[in-house]
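Here is a short briefing to read alongside the sequence and the coordinates.

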Amino acid sequence: MKVVTAFTTDIVLPCLDEAEALPWVLERIPPGWRAIVVDNGSSDGSPGIARSLGATVVTETRRGFGAACHAGLLAADADIVCFCDCDASLDPGLLVPFADDVATGRADLVLGRRRPRGRGAWPPHARAGNLALARMLRRRTGLRLHDLGPMRAARRTELLALGLTDRRSGYPLQMVVRAADAGWRVRERDVPYLPRTGRSKVTGTWRGTWHAVRDMRKVLVEGPREVTAS
């Protein structure tokens, strides 16, 4: 078995009005990891709560899921960067094996395949949109993935080298597409998906899901790009 020296890990948590969920999320950050909460315009005191619970808080004034995720990536300085939603639908503690897979070289990008737990955890329209995108991704890249969810891990320098440009809902998909184009080894791990705390800003409504699918379809028509050296 390959022996790996100690590695550092940052976890990026995009945040928009998640005051109710933050305590649950932040108490589950693995020991020794740094939580980077990226506030994307909250009006419920989320930044103060995050700071009081020991998180590093970054402010991103440009609205958009991708804008918040990328601001967190730019603020990170660890060897490995993980991403997770900040709404208590996903347990960040489950990212430990994701980071281990990357650190040991078993994968370059690890994604969480969401497995719904509890009524309302994953609305039918959101699940249908995700399935359609996964099929389109397979045609575009050959990757046989089941989910394009927000829980993931990769090396920071390699993520930066992908040159991600989407700042809306297409950011997670663009990461996968460009990783596939660069020849990355991509794998999935099952994760329980719980009913979120508070109101969903994206996939909780038909309109939000439609906007997310529209953003992601734009990513799928992009041609391959040359990845810069890290």
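The points below go from the overall fold to a helix, a cavity, the backbone and the rings.

This is a predicted model. The chain has 230 residues, of which 51% are buried, and its secondary structure comprises eight helices and seven strands.

**Overall fold**

- Taking contacts between residues at least 6 apart in sequence, 77% of them join residues at least 24 apart.

**Helix α4 and its surroundings**

- Helix α4 covers residues 96-103, and its buried residues are Phe-98, Ala-99, Asp-101, Val-102 and Ala-103.
- Which strands do the buried residues of α4 pack against? They are β1 (9-15), β4 (80-83), β5 (109-116), β6 (152-155) and β7 (186-193).

**Cavities**

- Two cavities of 30 Å³ or more are present in the structure, and the largest cavity holds about 40 Å³ of space.
- The lining of the largest cavity is made by Phe-65, Cys-69, Phe-83, Pro-150, Arg-152, Tyr-171, Pro-172 and Met-175.
- Two or more of these lining residues come from each of α3 (65-75) and α7 (171-181).
- Helix α7 gives the most to this lining, with three residues.
- By class, the lining of the largest cavity has seven nonpolar residues, no polar residues and one charged residue.

- As background, most residues other than glycine have a negative phi.
- Asp-17 has a positive phi, near 55°, and lies in the loop between β1 and α1 (22-26).
- Why does Asp-17 count as partly exposed? Its relative accessibility is 30%, and the partly exposed class falls between the 20% limit for buried and the 50% limit for exposed.
- Ala-88 also has a positive phi, near 70°, and is found in the loop between β4 and α4.
- Is Ala-88 buried or exposed? Ala-88 counts as buried because its relative accessibility is 6%, and the buried class is under 20%.

**Rings and charge**

- How many aromatic pairs does the structure hold? The count is zero.
- A charge does sit over a ring, though: the charged end of Arg-114 is placed over the ring of Tyr-193, 5.0 Å from the ring centre.

Terms used. Residues are numbered from 1 along each chain as its sequence is written. This is a predicted model: local features need pLDDT of at least 70, side-chain atom pairs count only at pLDDT 80 or more; totals for chains, interfaces and linings use all residues. Side-chain values use heavy atoms; hydrogens and water are left out. Rings of Phe, Tyr and Trp (its six-membered ring) pair if their centres lie within 6.5 Å; planes under 30 degrees apart count as stacked, over 60 as edge-to-face and the rest as tilted. A charge sits over a ring if NZ of Lys or CZ of Arg is within 6 Å of the ring centre and within 35 degrees of the ring normal. On a 1 Å grid over the protein atoms alone, a cavity is a set of points where a 1.4 Å probe fits but cannot get out, and a pocket is an open set with protein on both sides within 12 Å along at least five of seven lines; lining residues have an atom within 4 Å of a point. Grid points are joined across faces, edges and corners, and a volume is the space filled by probe spheres set on the points. Helices (H or I, at least four residues) and strands (E, at least two) are DSSP runs, numbered from the N terminus. Ala, Val, Leu, Ile, Met, Phe, Trp, Tyr, Cys and Pro count as nonpolar, Asp, Glu, Lys and Arg as charged, and the others, Gly among them, as polar. Buried means under 20% relative accessible area, exposed over 50%, partly exposed in between (1.4 Å probe, protein chains only). Contact means heavy atoms within 4.5 Å.
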